[in-house]
Amino acid sequence: MKKAAGFVIFRRLCGEIQYLLLKASYGSFHWSSPKGHVDPGEDDYTTALRETKEEAGYDEKDLIIYKDTPLTLNYVVQGKPKIVIYWLAELRNPCQEPILSEEHTDLKWLPKDAAKACVGFKDNQDMIDRFHQMILDQNKPV
Ligand SMILES: Nc1ncnc2c1ncn2[C@@H]1O[C@H](COP(=O)(O)OP(=O)(O)OP(=O)(O)OP(=O)(O)OP(=O)(O)OC[C@H]2O[C@@H](n3cnc4c(N)ncnc43)[C@H](O)[C@@H]2O)[C@@H](O)[C@H]1O
C-alpha cells in the first residue's frame, strides 16, 4: 500500500480561518495540502514535517501542530490503495507565505467552504469539516 503524510495548514487572517492548498505541477494538476510519500524506515510524522518543509518551506517551529488528532484518508490511485495521514497545523505567523517547490505551480489560502470545493473529493471535504470543528471547539478568537 502506498502511504503518504502531511499537514492541513490553516492561518487566522482578516477575521477568517483560511486553509493552504497547493496545485500539483503534474498529473491531474490537483490541489491538496502539503504531503508526500513516507520513505522506508521513516515515521509518518517525520514525513509530514519533511514534505511540508520541501513543498511549502515551513518548519515545525513555524506551526502549532494538533499532534494528538491526525485524520486518515484512504483512496485508490492507479489501481493501488493509498493511505494519507494528515495532522492539523496552524501557521504561527499568518503573514509568512509558503515557498513552493517544483512539485507545485500555485497556492491558495481559502476559507473552509472554498477549500472544500477546491479539493473536490468527498473524504477530503469531510476531513476539512472535522478539522474545522476542532479549531472552533478551541474557542480562540479568529
Ligand atoms: N502523478 C504524478 N506524475 C508525475 N510525477 C509525480 C506524480 N505524483 C508524484 N510525482 C512526483 O513524484 C515525486 C515524489 O513525490 P512525493 O511527494 O515524495 O511522493 P508521492 O506519494 O507521489 O506524493 P504525493 O502523495 O503528494 O503525490 P500525489 O500528489 O501524486 O498524490 P495524491 O494522492 O494527492 O494524488 C494522486 C491522484 O489521486 C487523486 N486524489 C487525491 N486525493 C484523492 C481522494 N481523496 N480521493 C480520490 N482520489 C484522490 C488526485 O487527483 C491525483 O489524480 C515528486 O517529484 C513528484 O513531483
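What pLDDT does the protein average, and what share of the residues score at least 70? The average is 97, and 100% of the residues reach at least 70. Here pLDDT is the predictor's confidence in each residue, from 0 to 100. For the complex, the predictor gives an ipTM of 0.88 and a pTM of 0.94.

**Before you click**

This is a predicted model: local features need pLDDT of at least 70, side-chain atom pairs count only at pLDDT 80 or more, and totals for chains, interfaces and linings use all residues. Residues are numbered from 1 along each chain as its sequence is written, and side-chain values use heavy atoms, with hydrogens and water left out.

**Stop 1: the annotated span**

Select residues 1–135. An unreviewed UniProt entry annotates them as "domain: Nudix hydrolase". UniProt positions follow the numbering used here, feature names are shortened, and annotations may be inferred rather than shown by experiment. Colour this span by secondary structure: it is 26% helix and 45% strand. Helices (H or I, at least four residues) and strands (E, at least two) are DSSP runs, numbered from the N terminus. The end C-alpha atoms of the span lie 31 Å apart.

**Stop 2: Arg11 and Glu97**

Now look for salt bridges (a side-chain nitrogen of Lys or Arg within 4 Å of a carboxyl oxygen of Asp or Glu). The whole structure holds 15. Show the side chains of Arg11 and Glu97. They form one of these bridges, with the closest N and O atoms 3.2 Å apart. Arg11 sits in strand 1 (residues 2–13), and Glu97 in the loop between strand 6 (80–91) and strand 7 (104–111), so the pair ties together parts 86 residues apart in sequence. Is Arg11 buried or exposed? Arg11 is buried, at 8% relative accessible area. Glu97 is partly exposed, at 41%. Buried means under 20% relative accessible area, exposed over 50%, and partly exposed in between (1.4 Å probe, protein chains only).

**Stop 3: helix 1**

Move to residues 44–56, which make up helix 1. Pick Arg50 and Glu54. Their side chains meet in a salt bridge, 3.2 Å from N to O. The two are four residues apart in the helix, so about one helical turn separates them. Glu54 is partly exposed, with a relative accessible area of 37%. Arg50 is partly exposed too, at 22%.

**Stop 4**

Select Lys112 and Asp113. They form a salt bridge, the closest N and O atoms being 3.3 Å apart. Asp113 is exposed, at 53%, while Lys112 is partly exposed, at 22%. Finally, select Asp39, Glu42, Arg50, Glu51 and Glu54 together. Salt bridges that share partners join them into one network.
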